[in-house]
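This briefing covers a single predicted protein model.

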Amino acid sequence: MKIKSLVTAIAAASLLSGCVIHVGHASSSSANVEIDQQMNLDASSLTELFIENGAGSIHLVGVKELTEIKVTANILTTDDHNYKLSLKKEGDKAVLIAKHNHSSSWGTNWSSSSPKIDLQVSMPINMMLEIDDGSGSINIETLNNNVTIDDGSGSIVVRNVNGMVNIEDGSGDLTVEKVTGNVDIDDGSGSIVVSNITGDARVIDGSGDMTISYISGVVYIEDGSGDIDVYNTKGLTVNEAGSGDLNINAINGPVNIDK
C-alpha cells in the first residue's frame with residue numbers, strides 16, 4: 001500500500017464517532033481494518049427489532065426496564081470501508097443493518113480474513129425480534145416476545161423466550177431451550193437440540209442428529225438422516241425418519257411413526 005492511500009484510509013476512518021481503528025499492511029483485497037462502533041436508539045415507542053446481517057456473529061439479550069436498543073459492532077473490513085452499518089426507526093419498528101458490499105472492486109476473493117461485522121445487542125425484553133442473517137453464529141437470550149430467524153449458515157442458540165420461536169436455517173448446529181410457546185424449525189443440516197418447551201415442537205430437518213425432550217405439547221418430525229431421540233412429550237408424530245436410529249421414551253400421548 002502507498003503511503004498516500006494509507007493516510008487517506010486513516011483520515012476517512014477518523015470521522016467515525018466512537019471508533020477504534022487498526023489498519024494492517026495487507027493488500028487492499030484483504031479485510032485488514034478493524035473498527036469498533038456503538039449505536040443507541042430510543043425504543044420506548046417501538047414494538048419490534050429487525051436485524052439484517054451479512055456476515056458475522058450476533059449476540060443479543062433482552063433486558064428488563066431497558067427503553068433503548070444498544071449496539072456494539074466490531075467491524076472487520078477493507079481499507080475502503082465499503083460496508084453499511086445503521087440503526088434507524090421505521091414506523092413502530094427498529095431496523096439494524098450490518099453488511100458489506102460485495103459488489104465493490106475488491107470482490108469476494110480475499111487474500112486473508114473475510115469482511116464481517118460482529119454485533120452485541122441489548123434490547124427491551126418485550127419487543128419482537130426478527131433476524132435475516134447470512135453467516136455467523138447467533139445467540140439470543142431472554143425475550144418476552146416472538147423470535148423469527150432466517151439464517152444461511154452458522155450455529156444458533158435461543159434460550160429463555162416467552163413467545164413463539166420460528167427458525168429457518170441452512171446449516172449449523174441449533175439449540176432451542178426454555179421457550180414458553182410453540183417452536184417451529186426448518187433446518188438443512190447440523191445437529192438439533194430442543195428442550196423444555198411449553199407448547200408444540202415441529203422440526204423438519206435434512207441431516208444431523210436430533211434430540212427433543214421435555215415438550216409440554218406434541219412433537220412433529222420430518223427428517224432426512226441422522227439419529228433421533230425424543231422423550232417426555234405429550235405426543236409424537238414422525239412423518240419421515242430417513243436414515244438413522246429412532247429412540248423414544250416417556251411419550252404421554254399418541255404416537256404415529258411412518259418410516
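## Overall fold

Residues 24 or more positions apart account for 36% of the contacts in the protein chain with a separation of 6 or more, a contact being heavy atoms within 4.5 Å. The model is predicted, so local features need pLDDT of at least 70 and side-chain atom pairs count only at pLDDT 80 or more, while totals for chains, interfaces and linings use all residues. Residues are numbered from 1 along each chain as its sequence is written, and side-chain values use heavy atoms, with hydrogens and water left out.

- Of the 259 residues in the protein chain, 44% are buried. Buried means under 20% relative accessible area, exposed over 50%, and partly exposed in between (1.4 Å probe, protein chains only).
- Accessible areas come from the Shrake-Rupley method with a 1.4 Å probe; for residues, only the protein chains shown count as cover.

## Parallel strands 9, 11 and 13

- Strand 9 (residues 128-135) and strand 11 (residues 147-153) run parallel and are joined by six bridges. Two strands pair if DSSP finds at least two bridges between them.
- Strand 11 also runs parallel to strand 13 (residues 165-171), again with six bridges.
- Asp133 stands opposite Asp151 of strand 11, and Ile149 has Ile167 in strand 13 as its bridge partner.
- Asp151 is buried but has no salt bridge; Lys116, the nearest side chain of opposite charge, is 14 Å away. For charge, Lys and Arg count as positive and Asp and Glu as negative; His and the chain ends are not counted.
- Leaving out residues up to four places away in sequence, Asp151 touches Asp133, Gly134, Gly136, Ile138, Ile156, Glu168, Asp169, Gly170 and Ser171.

## Salt bridges

- The structure has five salt bridges, each a side-chain nitrogen of Lys or Arg within 4 Å of a carboxyl oxygen of Asp or Glu.
- One of them joins the side chains of Lys70 and Glu68 at 3.8 Å, N to O. Lys70 is partly exposed at 37% relative accessible area, and Glu68 is partly exposed at 24%.
- The side chains of Lys116 and Asp118 meet in a salt bridge at 3.5 Å, N to O. Asp118 is buried, with a relative accessible area of 17%, whereas Lys116 is partly exposed at 34%.
- Arg202 forms a salt bridge with Asp184, with the closest N and O atoms 2.7 Å apart. This pair links distant parts of the chain, as Arg202 lies in strand 17 (residues 201-207) and Asp184 in strand 15 (residues 183-189), 18 residues apart.
- Arg202 is partly exposed at 32% relative accessibility, and Asp184 is partly exposed at 25%.

## Ser122 and its surroundings

- Ser122 lies in strand 8 (residues 116-124) and is partly exposed, at 22% relative accessibility.
- Ser122 and Val71 are 51 residues apart along the chain, and their C-alpha atoms are separated by 6.6 Å.
- Not counting residues up to four places away in sequence, Ser122 touches Val61, Val63, Leu66, Glu68, Ile69 and Lys70. Of these, Glu68 and Lys70 form the salt bridge with each other listed above.

## Nonpolar surface patch

- Ile248, Val255 and Ile257 form a nonpolar patch on the surface, with about 220 Å² of accessible area together. Patches are made of residues with over 30% relative accessible area and no salt bridge; like charges are joined within 9 Å, and nonpolar side chains (Val, Leu, Ile, Met, Phe, Trp, Tyr) within 5 Å.
- Ile248 belongs to strand 22 (residues 246-251) and is partly exposed, at 37% relative accessibility.

## Positive phi angles

- Most residues other than glycine have a negative phi.
- His81 is not a glycine but has a positive phi of about 55°. His81 sits in the loop between strand 5 (68-77) and strand 6 (83-90) and is buried, with a relative accessible area of 17%.
- Tyr214, also not a glycine, has a positive phi of about 55°. Tyr214 is placed in strand 18 (residues 210-215) and is partly exposed, with a relative accessible area of 46%.

Key. Helix = DSSP H or I, 4+ residues; strand = E, 2+ residues; numbered from the N terminus.
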